[in-house]
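Here are a few friendly notes to read alongside the model. Take them one at a time, and keep the view open as you go.

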Amino acid sequence: MNSLRRVLPLAHQNPSLWTGIRAFSSSDSSTLRKSVASLLDSLSLKQGQTLVQNCGDTDVGKIVIELAKERKLQTISIIDDKPGTPETIEELKALGGDLVVPESYTKTWYMKRLVSEMSPAAGINFSDGYQATAVGKALVDGGTLVSYSKKLPKHVVYDGAARRAIEWDTFAKEKKFKVLNL
């Protein structure tokens with residue numbers, strides 16, 4: 001994974017607090033683990049709350065799952081549809097993932113029902129494309145979406161004829177969530 005050199009402003013909690021996210025890199029797992037821990041701290045989630053993320057099968061995604069489990073947070077992890085998905089789902093559940101779903105599952109009414117039961121308060125986006133939309137759709141109104149150097153989609157597309165695609169900014173405003181682009 002490419003190194004990301006970013007600074008995470010925690011203005012939604014304390015305007016004077018800045019946490020450096022340095023070298024988000026799979027080559028140094030202790031640095032990566034500390035960076036993810038810092039990110040989770042910044043979200044101020046309480047035990048029992050839910051976090052949704054995409055790219056759950058990456059090194060960063062696995063660390064998010066492990067640290068969330070240690071903090072007694074529930075996780076919803078979205079992974080790509082690809083060969084070996086059932087094995088990947090089992091691997092991530094063994095790490096502590098509560099709900100691990102392929103991208104195609106996020107487009108079903110089952111996902112909508114599960115999300116309404118789990119009420120994710122925070123989302124982490126590590127991907128471009130539809131998975132970013134899936135994370136956003138899963139968040140409760142007023143939740144926080146953190147996106148790492150990934151371009152958010154211009155439009156949010158809904159399957160079926162009942163709703164048209166809407167602009168991302170309109171979608172975020174309707175859901176009243178905070179979007180942090182890092």
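In which crossing, left-handed or right-handed, does H5 pass H6? Keep that question in mind; please also remember that this is a predicted model.

1. **The helix pair H5 and H6.** The crossing in which H5 passes H6 is left-handed. The residues in contact are Ala-132, Thr-133, Gly-136 and Lys-137 on the H5 side, and Trp-168, Phe-171 and Lys-175 on the H6 side. By type, the residues of this contact split into 3 nonpolar, 2 polar and 2 charged.

2. **The angle between them.** Helix H5 covers residues 130-138 and helix H6 covers residues 168-175; their axes come within 10 Å and cross at roughly 20 degrees. Because angles under 35 degrees count as roughly parallel, H5 is roughly parallel to H6.

3. **The whole protein.** Now step back for a moment. The protein has 6 helices and 10 strands, and 48% of its 182 residues count as buried. Look also at the contacts with a separation of 6 or more: residues 24 or more positions apart account for 55% of them.

4. **Helix H2.** This helix runs over residues 59-70, which gives it 12 residues. From its first C-alpha to its last it reaches 17 Å, close to the 16 Å expected at 1.5 Å a residue.

5. **What is buried in H2, and what covers it?** The buried residues of H2 are Val-60, Gly-61, Ile-63, Val-64, Ile-65, Leu-67 and Ala-68. Their cover includes helices H1 (29-43) and H3 (85-95), along with strands E3 (50-54), E4 (74-79) and E6 (120-125).

6. **H2 against H3.** The axes of H2 and H3 come within 8 Å and cross at roughly 35 degrees. Lys-62, Ile-65 and Glu-66 of H2 make the contact with Glu-91, Leu-92 and Leu-95 of H3. Sorted by type, the residues of this contact are 3 nonpolar, no polar and 3 charged.

7. **Ser-77: buried or exposed?** You will find Ser-77 in strand E4. Ser-77 counts as buried because its relative accessibility is 0%, and buried means under 20%. Leaving aside neighbours within four places in sequence, Ser-77 is in contact with Gln-53, Gly-56, Ile-65, Leu-99, Val-100 and Val-101.

Key:
Residues numbered from 1 in each chain as written. Predicted model: local features only at pLDDT ≥ 70, side-chain atom pairs only at ≥ 80, totals over all residues. Heavy atoms only, no water. Axes fitted to C-alpha atoms, helices over the stretch in contact; angles between N-to-C directions. Helix = DSSP H or I, 4+ residues; strand = E, 2+ residues; numbered from the N terminus. Parallel < 35°, antiparallel > 145°, perpendicular 65-115°, else oblique. Left-handed = near helix turned anticlockwise from the far one by under 90°. Contact = heavy atoms within 4.5 Å. Nonpolar A, V, L, I, M, F, W, Y, C, P; charged D, E, K, R; others polar. Expected span 1.5 Å × (residues − 1). Buried < 20%, exposed > 50% of the residue type's maximum accessible area, 1.4 Å probe, protein only.
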